[in-house]
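Let's walk through this assembly one interface at a time. Have the chains coloured separately before you start.

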Amino acid sequence: MKFTYSNNLQRSLIRPDGVDKVTGKLKFLTDLSFPNMLHGKILRSAYPHAKIISISTKKAEELPGVRAVITSKDVPGLNRFGLIFPDQPVLCDERVRYVGDAVAAVAAETEEIAEKALQLIEVEYEPLPVIDDPEQALLPSAPRLHPDGNILHQASYQKGNVEEAFQTCDVIVEETYELPRQMHAYMETEGGVIVPEKDGRITVYVGTQHGYKDRFQLARILNVPESKIRVVSSPIGGSFGGKDELNIQPYGALLAIKTGCPVKIHQSRRESVRSGLKRHPMKITMKTGASRNGKILAHQVRIIADTGAYATLGPAVLDFAVEHATGPYIIPNVHVEGLSVYTNNGVAGEFRGFGGNQVTFALEGQIDRLAVKLGICPMELRKRNLRKADDLGPVGQEIAPTDGAAQVLKAISQSPLLNKKESIEWGEGTDRWKKTGIGVAIAMHGGGLGYGRLDPAGGRLSLNEDGKIEIAFGFEEFGQGLLFVIEQLVIKEIGCSANDIKITIGDTDRVPRSGSSTASRGTSMVWHALQRMKDPFKKRLLEKASQCTGVPATQLYLGPIGIWSCGLNSEPLITYQQIAHETKDDPIQIETEFHFPTTPHSIPGGHYLYSFAACAVKVEVDELTGIVRVKNLEQAVAAGPVIYPTGYLGQIEGGSVMALGYTLLEEAIMEKGKYVTENFDSYLIPTINDIPHSMDITAIEELYEGDPYGPRGVGEIGTVAVAPAIAKAIYDAIGLWVTKLPVSREEIVKAVNQREMREWLTTKL
Amino acid sequence: MSMRILAAKVWTPTDIKEAWTLREKFHLQSCFVAGGTLLQTQWEKGVPYPPQLISLEKVEGLEGINYKTEGTKRFLQIGAMTKLATCRNHPVIKEKWSLLSTAIQQIAAPAIRNLGTIGGNVAYGFGDAIPALLTMDAEVSYFDGKTIKTEKLDHWLNTRQNKEVLLTGVILQEYRHSSFVTQFYKKVGRREAFSGSVVTVSGVIGKNDAGVIDFVRLAVGGGDNRPHRLKATEQLLIDQMINPKLLRNVYETILNEFHPISDVFYSDDYRRWVTANIIISELSRLEG
Amino acid sequence: MVDNKIVGKAKPPLEEKIKISLIVNEQAKELFVDATMRLVDILREELQLTGTKVSCGIGRCGACSVIMDGKLVNSCLVRAYQSDQKEIITIEGLGRNGLHPIQKAFLEEGGFQCGYCTPGMIMAVKSIFDQYANPTAEQILEGLSGNLCRCTGYGGIIRAIQKLAQL
């Protein structure tokens, strides 16, 4: 067996946080410890849906070692949280709507005592009927989970007239696709320490993807001004969208304030499964029609998303899915309707891909089915309907011109996987009971939060008193490699060396607002901020240097260690440290504030900057067991310039394997509102044995001529096209269309049974 | 259930009699603990643990692998407390009882195999080593309160509920088999590695020079499927030559004989089909 | 029927708290802890060695991997009474005189992103190279089968190991 993990990207540059990570020295926020620290535990609902009749905490309070027990009456401000609108109780008082709902919390001297105290809290519930299916929730007879009913959000898009257009189609395919509940499965579960400070403030050392937003939400809950709260949000052991919303912070904060002591909460995996966010399960019905010559004329889509008990970012996810329902194709008649529905299932929210994964699986499935019915090569069919560089966006909005779709399609068409000169015969596998197949899919993905959403960005560049060029952003590092991107961009734009730089992120006391570290926006926003700050910063530095040295600024430039004068020199004219000394009383500091680029068209949620990917896979289907193995995977990605090759590669490879898990392995199964897969022994993510033998990633860096927007983020794009490529490859291998994820081995064996096995038993032998 | 510290007392007896006495004294308020890897996974899920844990780690004579000769017979004695990793890598096991090595390689992952024991795997009753051991006619030795007894693993599994014993070892006889032998062990997990079993199938099939099957052992298990031999299927194959009609009969017989469980991940039908497919494919390998 | 004489021979149970002696990263430690305290908590809380992580708590992810008496184990599944008299190496025990070759390879090849699985992963890689000077692909896959990584897709980890194999 041979590994080929090739790539075209030059590597071998060390991340700023690298040494601490490989030596174990790096302290994650869940590694922190403080004097007099207590341990917190949260009591979660025993039922997926129930009325709370009474809560008695007396016995728990009396347990030796317990310092505080809190319930809803201990919440001084708003007893609700939620990124869009706060509808999730911090501590439930009347009703619980899913098994992760918090009812009480305890702080005690040891974790064992806190655990025991939870068992002594007496909650009397009156169970209510459980709604565990969105279609059930939509019935008029269904109990109302929220005051306004069971529909969280509706979104739609229309263009032309689909009903008329279908009449003119030569071929129509209609299919319903079912997408599962995936779990982020970050290796570090939710947790951290909340510390009450002597000056009456609190410091919240808990990972999140948006420190300032956490501060805002906590201030509302605690009924204190935001200035009283400091959020330290980095480094994080993985997030993938799951730690943007609040999780344990309110409980830690309330307990810390009540006890006057630092309180540590670190959820067990079981607690994380129970209470944490998940990807939206969706049922997507698509009806797509085309003319004989392969022009797609009509596309009708209905999306039902199971958003679970509370809103969080449910509306935005649905908007994103609706927006991406036509992908990179130009279709004259479109009708997309989406519904996000409340149930008593686990809360669904932000997750890498954000609705794009689900709808792209369906869309690409439609394209592949049409191609088969029309007898047209699937690559060719895509080409015939593909957007051109200056076409409008998927919901008719103006977008930054981009040729990305054509670029990735062209790149993947050159893949050796699609070249039939393979040594293995088409359709045959490594033994007589294995069949091979190839599949291709493409994806388009909008970055940033979209039109009308608060998508602020900003940064600060300064020369600090230690003589370091300090670059500060309100972002967080959770593995995506942002620290390296920041470092490299500063080196490139300013001209200094890595040793001259200090990067400050993830601390609301020390950083400007940069918006969230989500939606593939981080790299892009860092680049934009630096474009705005570099010239004023350099100018100030050169002016000061000129003042100090008497050399005209025009003969000076920024380099490693300090300012150099033009010509051959072995050392700088004046060091950054020296300039810092000179500017002690009036430090050089540049700040910028701006907004993520958006479309001028007022389409709520409409995106402006898009990235693209094309994925080709070779799979092997085992007819005896139905097991599907991805042998080779290739992705071509168009997202602008590569700033940090190792990081870029890591995001696409990591995203590919996460998507492989989504396609073949992962489902957070719930029955009647209770999780069945409660830990990593039953919720299975890919191991090193599950990955393809080769993953080849190609980065297409060329942007459209005149594009001023710089690098797009690649955090999500690698996750989107993998599932539909695998589904097509399965069809290629054994003629079975998969409509439900994760792929069912049983369905494959059944299909093989029906078509071949009986004959195989009698004739081949 | 908090797993940080257990609300239990740990006993560390140094001989079998002492271990047994403790068990008799505390009875249902106690359990034996070998490596503890499987037990802890169950306790974490909420399966209650008893207040007295009797660790077998220090009991003399329970660990070790001995390749012995008695008269004309050669056999392997594996102490119950021998780590799974030790069994997997043992040169004699790899050479002469390779099915066991193959089976262990697919149990959990290296770190767990460095703690888990063969005895723990067998005593659990559903361990993935059992189907391999059944096809090799393994025996178990155990202490019944008075003496050490030996009996066929197959028989012990079927009658163990009648009496409580302390497993002390696994014994494998060296057999001379047929002219042509195929042996296989396949654990179909939910993932390529490190997964519980959906179904585990093991077999040893031998045919003589004339191409007639003269030896068959077929065993299934895995997950919550009680490990056992497929004796009706074995009977069907004995003294037969492989031909398409036979294979079709074998397929049907397996479907009828094997009653696997159904769970939220896979149905009983899937487990039956896969078992039958694997066995048929191995038979046709022997043929071809 | 219990024979009192035999019961009298049974040693008393390990008291709630027991004294254990272990060598951690070549330093002898004597601790007084609960008999059932998990080794991972002993390391992180008693010895402030927070490099070893907790992620699943049931030995299914490898984030807590350490080397005990030369063998890779999940420290979340090892109890205090099982670690008495044992030699433990944690991530902090590697590269104390400059970075260990495995750590260098991980740095150069992007063998990590968020870094949470990394200490356990590095210990698992060390365990492979302790057993085999030139591990085959099969030995590498088997050796790392118990260590989950959610960020890298394992590509960077494989590149790091390929680099080591060349040395």
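**Chain C and its two partners**

Between chain C and chain A, about 4200 Å² is buried, with carbon and sulfur atoms giving 61% of that area; buried area here is the accessible area (1.4 Å probe) that two parts lose on being put together, summed over both. This is a predicted model, so local features need pLDDT of at least 70 and side-chain atom pairs count only at pLDDT 80 or more, while totals for chains, interfaces and linings use all residues. Residues are numbered from 1 along each chain as its sequence is written, chains are lettered from A and ligands numbered from 1 in the order in which they are written, and side-chain values use heavy atoms, leaving out hydrogens and water.

Stay with that first interface for a moment. Chain C puts 45 residues in contact with 53 residues of chain A, where contact means heavy atoms within 4.5 Å. There are four salt bridges between chain C and chain A, each being a side-chain nitrogen of Lys or Arg within 4 Å of a carboxyl oxygen of Asp or Glu. Look at Arg159(C) and Glu653(A): their side chains form a salt bridge at 3.0 Å, N to O. On the chain C side, α4 (101-109), α5 (118-131), α6 (137-143) and α7 (155-166) each give two or more residues; helices are DSSP runs (H or I, at least four residues), numbered from the N terminus. The largest share, six residues, comes from α7(C).

Now for α7(C) and its neighbour within the chain. α5(C) and α7(C) pack at an angle of about 35 degrees with their axes 12 Å apart; the axes are lines fitted to C-alpha atoms over the stretch in contact, and angles run from 0 to 180 degrees between N-to-C directions. Met121(C), Val125(C) and Phe129(C) of α5(C) meet Ile157(C), Ile161(C), Leu164(C) and Ala165(C) of α7(C). By class, that makes seven nonpolar residues, no polar and no charged ones, with Ala, Val, Leu, Ile, Met, Phe, Trp, Tyr, Cys and Pro counted as nonpolar, Asp, Glu, Lys and Arg as charged, and the others, Gly among them, as polar.

Over to chain B, then. Chain B and chain C bury about 3300 Å² between them, 56% of it on carbon and sulfur atoms. In chain B, the residues that lose the most area to chain C are Arg4(B), Val10(B) and Phe194(B), together 18% of what that side buries. Five salt bridges cross this interface, and one joins the side chains of Arg113(B) and Glu142(C) at 3.0 Å, N to O.
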